[in-house]
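Work through the exercises below with the sequence and the structure side by side. Try each task before reading its solution.

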Amino acid sequence: MTMVRQLSNEDLAQLLDKDIFHVVSQTADELNMECYVVGGYVRDLFLDRPSDDVDIVVVGSGIQIAHEIHKKLKGSHLAVFRNYGTAQVKYKHLELEFVGARRESYRHDSRNPIVEDGTLEDDQNRRDFTINAMAICLNSARFGELVDPFNGIADLEDRIIATPLDPDITFSDDPLRMMRCIRFATQLNFRIEDLTFDAICKQCDRIEIISAERIIVELNKIMMSPVPSLGFVDLERSGLLEYILPELSALLGVEVQDGRGHKDNFFHTLQVLDNVAKEGAPLNLRWAALLHDIGKAKTKRYDTLLGWTFHNHNFIGAKMVHNIFRRLKMPLDQSNLGYVQKLVDLHMRPIIIADSNVTDSAVRRLINDAGDDIDDLMMLCEADLTTKNSFKKKMFLENFRIVREKLADLKAKDYKRLLQPCVDGNEIMQMFDLKPGRDVGILKKILKDAILDGKVQNERDQLVSLLLQSAEQMGLKKRQ
């Protein structure tokens with residue numbers, strides 16, 4: 001659990017006793033501007049979390065002070081965003097974002113505010129949460145002085161996420177803050193204050209005015225949290241999930257028929273997601289874990305003999321992944337969409353193999369289909385083992401160990417060379433005077449299957465012999 005440090009103004013001044021902050025302080029004094037470090041950097045000082053992103057508010061022009069600081073810092077880089085009234089100075093490992101203090105007002109149908117110049121109080125009033133509304137003065141006369149009008153320190157100590165002002169107004173003004181609220185609670189393992197959470201529940205439909213590009217940023221941060229299930233439970237409880245990922249909401253609940261029920265696939269999915277997160281899985285593998293059973297709601301059937309079935313849920317789920325990625329404006333390339341689709345489609349294969357005698361043929365076919373993603377697939381499948389039956393779990397883990405041993409052996413022998421037939425389609429076409437088409441595909445599959453099943457070695461003489469025999473059965477003659 002993250003502990004909150006007790007820091008006096010003198011302690012804060014010492015923590016900010018760095019050349020970069022003294023340059024900012026001197027420049028602000030020269031320009032006769034009030035200047036404050038605000039937001040996440042201040043919060044993280046109290047949480048003792050490292051941060052390289054520094055937000056600085058000045059009562060005046062943020063662009064003007066950034067220009068002056070850039071002149072003084074050799075080796076710094078300046079970027080100006082005039083449309084937003086902000087400027088960024090990159091210096092060594094730090095990124096300093098400068099903005100003038102402002103007050104904001106909103107229209108009901110847009111999260112884009114009407115912005116006016118304001119005071120520090122105005123700027124703190126517009127902040128999303130009390131723990132992000134604290135400011136530390138950088139002017140030399142008050143260097144290190146904490147300005148905390150909403151008692152953000154107390155909320156940090158109580159591990160609470162709350163809004164500075166009326167949460168109904170805060171979330172109505174900018175509905176993205178509902179996502180940010182849940183994201184911060186997930187990242188920090190904090191509790192969302194009751195009135196704040198109630199406001200999210202009341203206004204969850206307002207998320208529809210937020211662009212998918214902004215939503216996915218927050219969703220990915222929830223995904224990369226230590227225990228991402230915390231965020232998805234809050235998304236579901238608040239009603240937001242139904243608007244963002246209705247396919248995941250559809251997995252919630254247990255249906256009972258003839259006294260027979262199935263497991264709650266929503267909470268099972270979250271357990272699998274947490275399992276891969278514990279292993280430090282990268283983002284795309286976490287997405288594969290989140291979506292691995294996404295097809296179960298569409299494929300759920302009740303059979304009087306078998307009970308509840310989800311036939312082909314992996315295949316249906318893999319097809320659903322494309323629509324989800326497209327709707328959320330996620331990358332549609334092979335290394336993102338293609339990767340997640342592959343793992344969703346294949347996630348049952350290692351389990352099926354491990355449920356019986358682990359044959360060399362089955363493992364060869366698995367590694368052929370999974371390719372370089374085989375280790376990630378195995379991690380997903382082991383995370384998918386959430387049964388409370390200790391005997392069944394022990395059996396599967398032992399069989400997974402055998403699968404991994406066989407995979408390691410194949411890798412050591414260069415599985416790509418072993419499994420990719422050394423006689424290719426071009427040679428088949430030349431050998432039988434064929435054009436690209438069905439017959440070539442059939443012959444290639446015969447060779448591939450024979451190698452995967454261990455009927456022949458991946459050696460030219462054996463493959464040519466099998467090829468001639470198979471072609472003759474198909475009525476094809478070798479070119480003279």
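**Before you start**

This is a predicted model, in which local features need pLDDT of at least 70 and side-chain atom pairs count only at pLDDT 80 or more, while totals for chains, interfaces and linings use all residues. Residues are numbered from 1 along each chain as its sequence is written, and side-chain values use heavy atoms, with hydrogens and water left out.

**Exercise 1. Decide whether Phe396 and Phe400 are buried or exposed, and describe how their rings are arranged.**

Step 1. Start with the cut-offs: a residue is buried under 20% relative accessible area, exposed over 50%, and partly exposed in between, using a 1.4 Å probe and protein chains only. Phe396 has a relative accessible area of 6%, so Phe396 is buried, and Phe400, at 1%, counts as buried too.

Step 2. Locate the two residues: both belong to helix 22 (residues 390-412), where they are four residues apart, about one turn of the helix. Helices here are DSSP runs of H or I with at least four residues, strands are runs of E with at least two, and both are numbered from the N terminus. An α-helix has 3.6 residues a turn, so residues three or four places apart point the same way.

Step 3. Now apply the ring rule, by which rings of Phe, Tyr and Trp (its six-membered ring) pair if their centres lie within 6.5 Å, with planes under 30 degrees apart counted as stacked, over 60 as edge-to-face and the rest as tilted. Phe396 and Phe400 lie 6.4 Å apart from centre to centre, with 40° between the planes, and the pair is therefore tilted. By this rule the count comes to six aromatic pairs.

**Exercise 2. Find which residues have the most contacts inside the largest nonpolar core, and describe the surroundings of Trp287.**

Step 1. A nonpolar core is a set of buried Ala, Val, Leu, Ile, Met, Phe, Trp, Tyr and Cys residues joined through side-chain atoms within 4.5 Å. The largest one has 138 residues, and Phe232, Leu245 and Trp287 have the most contacts inside it. Helix 8 (residues 176-188) supplies the largest share of this core, eight residues.

Step 2. Contact means heavy atoms within 4.5 Å. When neighbours within four places in sequence are left aside, the residues in contact with Trp287 include Ile216, Leu219, Met223, Leu245 and Val340.

Step 3. Trp287 is also one of the buried residues of helix 15. Eight of the nine residues of helix 15 (residues 283-291) are buried, so this helix is largely enclosed by the rest of the structure.

**Exercise 3. State where Leu476 is found and which residues it contacts.**

Step 1. Leu476 is found in the segment after helix 26 (460-473), and a relative accessible area of 17% makes Leu476 buried.

Step 2. Neighbours within four places aside, Leu476 is in contact with Phe432, Leu434, Asp439, Leu443 and Ala471. Leu476 and Phe432 are 44 residues apart in sequence, and their C-alpha atoms are 6.8 Å apart in space.
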